[in-house]
Amino acid sequence: MHPMKSAALRALRLAALLVALLGLLQWLGVGLPLLMLVAGSFAFVAWALPWLGVRWIDSLALWARGLFWAPQQGRFHSFGGVPLEIEDDGRLVWVAGEGLQRVLGRVEPDEVLAARHSGCWRRTERGLLMLRVDAVVQVLATMPGRNELRVQRLRRYFEREVLYPAARRRALAGRSGP
């Protein structure tokens, strides 16, 4: 299942659970008093201690966002409005071949793409072709059409937004190790 679909499915499940919980509270007859208590508490904090209320709301929003997007964190990038699935295994950084082809406006079989990146590809459990980003950068730098503006920007994007941050994370992790 596509990761974005599973995120939407989780959101729908959470919404259904919330609706069921609120319906149960209303059926028990405590829904309105509980709502008034929560709303009154928020109003008091917003009026008496606005800095504390803003800090709580920010913390709650950050926690919820982290909980919801944790499985996708750092895996999905976008170039020119085209989503790219990026995977960092701690040693190498990989990009999905299908997204790379969409960015470049090409349609080639996976075998051709794998042959072009000989020895620098693998398949995921889902059968998705993944290419090493450093090899993709090398191919982009030497391929016909390498002087096209989109190809140059894509190469710089991979270098600056994918490879450099990954190398920096590894350097910082190596420095803070035992």
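Gln101 touches Arg106, Val107, Glu108, Asp110 and Leu113, when residues up to four places away in sequence are left aside. The model is a predicted one, and in it Gln101 has its place in helix 4, which covers residues 97-104. The protein as a whole holds seven helices and five strands, and from the N terminus on these elements run α-α-α-β-β-β-α-α-β-β-α-α. Its radius of gyration is 23 Å, well over the 16 Å that the globule rule gives for 178 residues, so the protein is more spread out than a compact globule.

**Overall form**

- Taken along the principal axes, the box filled by the C-alpha atoms of the protein comes to roughly 70 × 40 × 35 Å.
- Of the 178 residues in the protein, 26% are buried, and the protein exposes about 12,300 Å², of which carbon and sulfur atoms supply 65%.
- Among contacts with a separation of 6 or more, 51% are accounted for by residues 24 or more positions apart.
- Glu148, found in the loop between helix 6 (133-142) and helix 7 (149-175), is 116 residues from Leu32 in sequence and 63 Å from Leu32 in space, C-alpha to C-alpha.
- Glu148 has a relative accessible area of 48% and is therefore partly exposed, since exposed residues are those over 50%.

- The buried residues of helix 4 are Gly97, Gly99, Leu100, Gln101 and Val103; for Gln101 the relative accessible area is 8%.
- Arg102 and Glu98, both in helix 4, are four residues apart, about one turn of the helix, and they form a salt bridge in which the closest N and O atoms are 3.2 Å apart.
- In an α-helix there are 3.6 residues a turn, so residues three or four places apart point the same way.
- Arg102, with a relative accessible area of 41%, is partly exposed, and Glu98, at 44%, is also partly exposed.
- Helix 4 is followed by Gly105, which has a positive phi near 70 degrees.

**Strand pairing**

- Strand 3 (residues 93-96) pairs with strand 5 (residues 129-132) in the antiparallel sense over three bridges, and Val95 stands opposite Leu131 in strand 5.
- Strand 4 (residues 121-123) also pairs with strand 5 in the antiparallel sense over three bridges, with Arg123 standing opposite Leu129 in strand 5.
- The hairpin of strand 4 and strand 5 has five residues between the strands, and within this hairpin Gly127 takes a positive phi near 85 degrees.

**Further salt bridges**

- A search of the whole structure finds eight salt bridges, one of which joins the side chains of Asp88 and Arg170 at 2.5 Å, N to O.
- The pair links distant parts of the chain, with Asp88 in strand 2 (residues 82-88) and Arg170 in helix 7, 82 residues apart.
- Asp88 is partly exposed at a relative accessible area of 33%, and Arg170 counts as partly exposed at 27%.
- Glu108, one of the residues that Gln101 touches, forms a salt bridge with Arg116, the closest N and O atoms being 2.8 Å apart.
- Salt bridges that share partners join Asp88, Arg169 and Arg170 into one network.

**Nonpolar surface**

- Leu18, Leu21, Leu22, Leu24, Trp27, Leu28 and Val30 make a nonpolar surface patch of about 750 Å².
- Leu28, a member of this patch, lies in helix 1 (residues 3-28) and counts as exposed at 52% relative accessibility.

Conventions. Residues numbered from 1 in each chain as written. Predicted model: local features only at pLDDT ≥ 70, side-chain atom pairs only at ≥ 80, totals over all residues. Heavy atoms only, no water. Patch = residues over 30% accessible without salt bridge, like charges linked within 9 Å, V, L, I, M, F, W, Y side chains within 5 Å. Areas by Shrake-Rupley, 256 points an atom, 1.4 Å probe, with all protein chains shown as cover. Salt bridge = Lys/Arg side-chain N within 4 Å of Asp/Glu carboxyl O. Helix = DSSP H or I, 4+ residues; strand = E, 2+ residues; numbered from the N terminus. Buried < 20%, exposed > 50% of the residue type's maximum accessible area, 1.4 Å probe, protein only. Contact = heavy atoms within 4.5 Å. Rg over C-alpha atoms; globule rule 2.2 N^0.38 Å. Pairing = 2+ DSSP bridges.
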